[in-house]
Amino acid sequence: MHAQFPLSLWERDGVRVGGPQVGPVSPPGGPLGGRPSTREHDPTARVRRGCYNLSPVEQADRDQERKPRGERKKPRKVSARYLENAALHYLKRYAATVTQLKRVLVRRVDRSVRVHGGERTEALKWVDELVEKLVRNGLINDSTYAGMKAHSLRASGRSSRVIAQKLKLKGVSAEVVQQKVAEATAEVSEDAAALIWARKKHLGPYRKDLSTRKDNRQRDLAALARAGFSFGVAKKIIDSEPE
């Protein structure tokens, strides 16, 4: 008896999306069995794992932490002044949310405490006070960040679901996420975003070889589903006529 697959994101018109594969269900690993696939078809799965949400500075910090102890660069001992300089330098290079900046600074604190010792509680208090100061001075603003990010992602063909997930991962509140996604959708609708994505990925009416369009219909529907679009939107775009 083969393991039962989880329910799909949506299943209709002979298309199944959200399980380990698209189309008729076969045993794990394919018709001949074998190890089941661990590939995820959730459009936000890689986002939740953080694959797309590290700035170069955050990635460099993470890489340092993964190195053997003897190969790690010795961190500087943190102080209130050092943390402020580090925060200002980071904000000059990257747009960030409060949560994202705190994450960067807390990582600096933890590395310093491990190497140099000191009171972590006191250092975290410096971080909180610094972030409050930056918010008061308008140097960091979650609403402004979320608005720019949502409009940018929407213009590139991202679905509302993916945009919301990306913003939440950055620490933006649910209320602000809902507001900014709605504003972005008012400018570029979900249908228009799906059309942009289909054009970028050469799906449906934008396939380079339109003679293969019918044979690849289910594959193209699945691609839009993985990008976070509903079945209704995906079907409308994939079955539309070329412009």
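Helices here are DSSP runs of H or I with at least four residues, strands are runs of E with at least two, and both are numbered from the N terminus. On that basis the chain has 11 helices and 2 strands.

Before the details, some housekeeping. This is a predicted model, in which local features need pLDDT of at least 70 and side-chain atom pairs count only at pLDDT 80 or more, while totals for chains, interfaces and linings use all residues. Residues are numbered from 1 along each chain as its sequence is written, and side-chain values use heavy atoms, with hydrogens and water left out.

Now the chain as a whole. Of its 243 residues, 40% count as buried; buried means under 20% relative accessible area, exposed means over 50%, and partly exposed is in between, with a 1.4 Å probe and protein chains only. Contact means heavy atoms within 4.5 Å. Among contacts between residues at least 6 apart in sequence, 67% join residues at least 24 apart.

Next, helix packing. Two packed helices are described by the angle between their axes and the distance between the axes. The axes are lines fitted to C-alpha atoms, for helices over the stretch in contact, and angles run from 0 to 180 degrees between N-to-C directions. Angles under 35 degrees count as roughly parallel, over 145 as roughly antiparallel, 65 to 115 as roughly perpendicular, and the rest as oblique.

Take α3 and helix α4, residues 98-116, first. They pack at about 135 degrees with axes 11 Å apart, and are therefore oblique to each other. From α3, the residues in contact include Leu-83, Ala-87 and Tyr-90, and from α4 they include Leu-101, Leu-105 and Arg-108. The residues of this contact divide into 10 nonpolar, 1 polar and 1 charged. For those classes, Ala, Val, Leu, Ile, Met, Phe, Trp, Tyr, Cys and Pro are nonpolar, Asp, Glu, Lys and Arg are charged, and the others, Gly among them, are polar.

How do α4 and α5 pack? Their axes come within 10 Å and cross at roughly 155 degrees, which makes α4 roughly antiparallel to α5. Among the residues in the contact are Leu-101, Leu-105 and Val-109 of α4, and Leu-124, Val-127 and Val-131 of α5. By class there are 13 nonpolar, no polar and 4 charged residues.

Last, salt bridges, each being a side-chain nitrogen of Lys or Arg within 4 Å of a carboxyl oxygen of Asp or Glu. How many does the structure hold? The total is 9. One of them joins Lys-133 and Glu-84, with the closest N and O atoms 3.1 Å apart. Lys-133 lies in helix α5 (residues 120-136) and Glu-84 in helix α3 (residues 80-93), so this pair ties together parts 49 residues apart in sequence. Lys-133 is partly exposed at 33% relative accessibility, and Glu-84 is partly exposed at 24%.

Glu-183 and Lys-180 form another, at 3.5 Å between the closest N and O atoms. Being 3 residues apart in helix α8 (residues 174-187), they are separated by about one helical turn. Glu-183 is partly exposed at 33%, whereas Lys-180 is buried at 10%.

Finally, Asp-239 and Lys-235 meet at 3.6 Å, N to O, and Arg-217 joins both in a network of salt bridges.
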